[in-house]
Structure formats: C-alpha cells, structure tokens
Amino acid sequence: MQTETIDFANGSRYRTTQRLPEGMGPADDVPGRVAKARGVPLPDPGGLFCPRPALFLDPEARMGILERLRFEWRYWRGDTPWDTNVTPPEVLEFLAAARPGRALDLGCGTGTNAIALARRGWRVTAVDFSVKAVRTAHRKARAAGVEVEFRCADVTRLEGLGGPFDYALDIGCLLGLRPEERLRYAETVARLLRPGGDYMLYAWFPRRVGRRIRGVAPEEVEALLGRHFERTRLELGKERGRPSAWYWYRRRKPSAAGGRHP
Ligand SMILES: C[S@@+](CC[C@H](N)C(=O)[O-])C[C@H]1O[C@@H](n2cnc3c(N)ncnc32)[C@H](O)[C@@H]1O
C-alpha cells in the first residue's frame, strides 16, 4: 500500500491510497490508475481526467485540455527532447551570483532546474500541468535528497499560490501559451514576484507548428511584461537551428510617488 498526497494550485489536496502491483515501486505507478480501479477520485489538476461538462462548451478550456493532453502524451511516450537533465549555464550563472531565497519554476517538467535550485539552498515551488512530469520530478527530487514543492497545476491559473517569490524561471513554457493565457500568466508572475525579484525566461521565436504559431518574439515578451518588469538583459541565440532567446527581467519596485506598482 502507498499513500500519496498531491497538492493542486486551487488549494485542494488529494490523498490516495494505492495498492501497487507486485514489483512496482512508488515511482513506477500511474497516477490515478489504481485509484480509479478502486472507485476513489482521480488526482485531477483542474479537469484533465474528469472534465466538468461545462468545460467542453468553453473553447478556451477545451484548447487548454488538448494542450495538456498533448504534453501528457509526450511525457508518456518519452518524446521530450527538452528533458536533458542539464541546467542551462544561464541559470547556473544566475545561481552563482544570487543569494538563495524563494523560487518559482514555471512549467518545471521533470524538475531538473527546480532540483538544481534546491541544491543551492533555494526554497522552490515548481509547477507543471503534466501529471507524468510532476511524478517523475518528485522521484528525481527524492533521489537527489532535496525538498521541492511540486504542484500539478496550470501556470495561468495559480490563484491558490501565494508569493512573494525572489526568483521565477520559465524555460520553454510561456512560448506554448495562447495569447489570452499569456496575459493571465504575465499578471500571475507580476503578482507572485516581489519588487526587485528576478525573472528569467527562455523561449523560441515564433514559428508555425501545425495549425498554431508557437514561440514568442522579444517585442511580445516586452509588451506582456514591460508594465511590471524591467528588462535587464537579452541574449539571442539558436537551438537546433531555430532562433531563440534568453531574457532577464526584474520586477519593478513600487514608484516613490504612489507606493504602488506601475
Ligand atoms: C518545453 S517543456 C520544458 C520543461 C522544463 N522547463 C525543462 O526545461 O525541462 C515545457 C513544459 O511546460 C509545461 N506546460 C506547458 N503549458 C503549461 C501550463 N499552461 N501550465 C503548466 N505547465 C505547462 C509542459 O508540461 C512542459 O513540461
């Protein structure tokens, strides 16, 4: 028997008690599969497995679920070229210079960077909407002997998460969001990061993938974040032949006049 607790962004917490098949360790089981067979609710980060009927009437929610399924499927197939277990030098450079505090990893995948932060003394909250990725991340953190608060949640719906954070990191998450999600995301990061806090983003430039445009251009990033953040550095590069960029932003401090954020 294995009891597991999973926290979701809306503040709800699932506890599932699962009987694992012979030879299957806690890290190998499929979240919800055993629970479903026993008739208890599935861990459900906001409607992936048990969508409310109303969700199907809302095109935006429907698209969100499809996107989530797409990532889930890729993690299950192991079709995850980004999942290199390597923390980028840009992040290591930041960590070498910064004093540890509270960090937020947005779209954390299997937790490589969240774990790198925790190893250097940061208190890390890491969010991803893929159950499979978060399960793997939990396992990796346990193996590394560090504590990370992993949350299975949508980065555009983090109403249940409180700040302030000193540092937020996004490697490859914002670029896949749709325009209305990007606006919610920007407001969320602005709410969660303390004034003077650092935000680092890695994203590909826009390109067509199937029927969608994926990626984001520096002008759009600036339009999204410029109100609350000041860009301190931008480095253009290429990954597998495709243009991409690293962005460094700092959360603006309250203005002296009004004592409020711009
Ligand atoms: C390209 S991967 C990068 C993963 C990780 N940052 C890394 O560097 O290995 C993008 C990640 O963002 C997650 N993701 C995409 N959209 C998301 C959303 N709306 N909410 C939470 N996670 C999301 C995906 O599940 C995936 O793990």
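Leaving aside neighbours within four places in sequence, which residues is Ala114 in contact with? The structure examined here is a predicted model, in which local features need pLDDT of at least 70, side-chain atom pairs count only at pLDDT 80 or more, and totals for chains, interfaces and linings use all residues. Residues are numbered from 1 along each chain as its sequence is written. With those sequence neighbours set aside, Ala114 touches Asp105, Cys108, Val124, Ala126, Ala137 and Val148. Contact here requires C-beta atoms, placed from the backbone, to lie within 7 Å.

The protein chain has eight helices and 11 strands. Helices (H or I, at least four residues) and strands (E, at least two) are DSSP runs, numbered from the N terminus. Of the 262 residues in the protein chain, 35% are buried. A residue is buried if 20 or more other C-beta atoms lie within 10 Å of its own, exposed if 12 or fewer, and partly exposed in between, with C-beta atoms placed from the backbone. Among contacts in the protein chain with a separation of 6 or more, 60% involve residues 24 or more positions apart.

The largest nonpolar core has 57 residues. Such a core is a set of buried Ala, Val, Leu, Ile, Met, Phe, Trp, Tyr and Cys residues joined through C-beta atoms within 7 Å. Ala114 and Ala168 have the most contacts inside this core. Strand E7 (residues 193-204) gives the most to the core, with seven residues.

Ala203 is placed in strand E7. Ala203 counts as buried because 23 C-beta neighbours lie inside 10 Å. Beyond four places in sequence, the contacts of Ala203 are Gly172, Leu174, Leu175, Gly215, Val216, Ser244 and Ala245. The C-alpha atoms of Ala203 and Ile171 are separated by 6.7 Å, although these residues are 32 apart along the chain.

Strand E3 (residues 102-106) is mostly covered, with four of its five residues buried. E3 runs parallel to strand E4 (residues 123-128), and five bridges join them. Strands pair if DSSP finds at least two bridges between them. Leu104 stands opposite Thr125 in E4, and Leu106 stands opposite Val127. The chain passes from E3 through helix H5 (residues 112-119) to E4 in a right-handed β-α-β crossover. Right-handed means that, with the strands pointing away from the viewer, the path from the first strand over the helix to the second runs clockwise. E3 is also parallel to strand E6 (residues 165-171), to which four bridges join it. There, Leu104 has Ala168 as its bridge partner.

E4 is largely enclosed by the rest of the structure, because five of its six residues are buried. Four bridges join E4 to strand E5 (residues 149-152), and these strands run parallel. Ala126 stands opposite Phe150 in E5. The path from E4 through H6 to E5 is again a β-α-β crossover, and this crossover is right-handed. Asp128 has Cys152 in E5 as its bridge partner.

Helix H5 is mostly covered as well, with seven of its eight residues buried. These are Thr112, Asn113, Ala114, Ile115, Ala116, Leu117 and Ala118. The buried residues of H5 pack against helix H4 (89-97), E3, E4, helix H6 (131-144) and E6. Gly121 follows H5 and has a positive phi, near 95°.

The ligand is surrounded by 20 residues. A residue is counted as near if its C-beta atom, placed from the backbone, lies within 6 Å of the molecule. Gly107, Gly109, Phe129, Ile171 and Gly172 are the closest. The shell around the ligand divides into 10 nonpolar, seven polar and three charged residues. Ala, Val, Leu, Ile, Met, Phe, Trp, Tyr, Cys and Pro count as nonpolar, Asp, Glu, Lys and Arg as charged, and the others, Gly among them, as polar.

Note on methods
Contact = placed C-beta atoms within 7 Å.
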